[in-house]
Amino acid sequence: RSTLSSSSAASDVYKRQDTISPLQKGIQTPEKLVRLITIIFTGLSIIQFFLEFGMISFMFTSNSAEWDFSMILYFMPLIIIPLTTILFWKRKKIGWIFLTLFLTCSATSSAGLFLTSLNTDYSTPSIFDDLLPQTIPTDYLFLLLFYAGILWVICKKDIREIYTINEKSMITSITISVVATGLFISSYL
């Protein structure tokens, strides 16, 4: 009897560990993928906040800081990414749509920057290299693959079913985001 109860207790511990861990060795379940994506974007939000902390403190404490539309756009990702992550984690349809828009915009921008960086001559030093160091094309390629990979995962049918997203809504979200980002990028070219 004690052997049976100890194996049952070990089985219960295994089940609890399996539900806590967002990763598993076998095929990923949609729920575990949602958790993993939530963890990734929570981490990215925290890192981004700490990277921008100096600018945040300057804008709120300095008398010479001026708030204008460009500063609102500058700080918008600090609000949008955590909000999107929370809504996605809570399994809200709008969370999926916001994350899709963000990932599509980011992937499209990374693709544009990757193509632009391929045409950049890195052999001749520029006077701006110390002020604005050049980013090599592989950095943009990595970002493109990261954003496109997560977009591909959340567009899978089993993930979309959690958020009650049909194929038409998915295609509409991605198309609007690609077109808007493309228009925005083309205005700078």
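**From a charged pair to a pocket**

Modeller: Let's start with Glu31, which is partly exposed at a relative accessible area of 29%; buried means under 20%, exposed over 50% and partly exposed in between, using a 1.4 Å probe and protein chains only. This is a predicted model, in which local features need pLDDT of at least 70 and side-chain atom pairs count only at pLDDT 80 or more, while totals for chains, interfaces and linings use all residues. Residues are numbered from 1 along each chain as its sequence is written, and side-chain values use heavy atoms, leaving out hydrogens and water.

The partner of Glu31 is Arg91: their side chains meet in a salt bridge, at 1.9 Å from N to O. The pair joins distant parts of the chain, with Glu31 in helix H2 and Arg91 in the loop between H4 and H5, 60 residues apart. Helices (H or I, at least four residues) and strands (E, at least two) are DSSP runs, numbered from the N terminus. A salt bridge needs a side-chain nitrogen of Lys or Arg within 4 Å of a carboxyl oxygen of Asp or Glu, and a search of the whole structure finds one. Side chains of opposite charge can pair when their charged atoms come close. Arg91 is also partly exposed, at 25%.

Helix H2 also holds Leu36, which is partly exposed at 24%. Leu36 and Trp89 are 53 residues apart in sequence, with their C-alpha atoms 9.9 Å apart in space.

Now for the pocket. On a 1 Å grid over the protein atoms alone, a cavity is a set of points where a 1.4 Å probe fits but cannot get out, whereas a pocket is an open set with protein on both sides within 12 Å along at least five of seven lines; lining residues have an atom within 4 Å of a point. The largest pocket has 36 lining residues, with Pro77, Phe102, Cys105, Ser106 and Ser109 nearest its centre. Helices giving two or more residues to this lining include H2 (30-51), H4 (69-89) and H5 (93-118). The largest share, 10 residues, comes from H5.

Cys105, from that central group, is partly exposed at 29%. Ser110 is found in helix H5 and is buried at 5%. Beyond its neighbours within four places in sequence, Ser110 is in contact with Tyr140, Leu143, Leu144 and Tyr147, where contact means heavy atoms within 4.5 Å.
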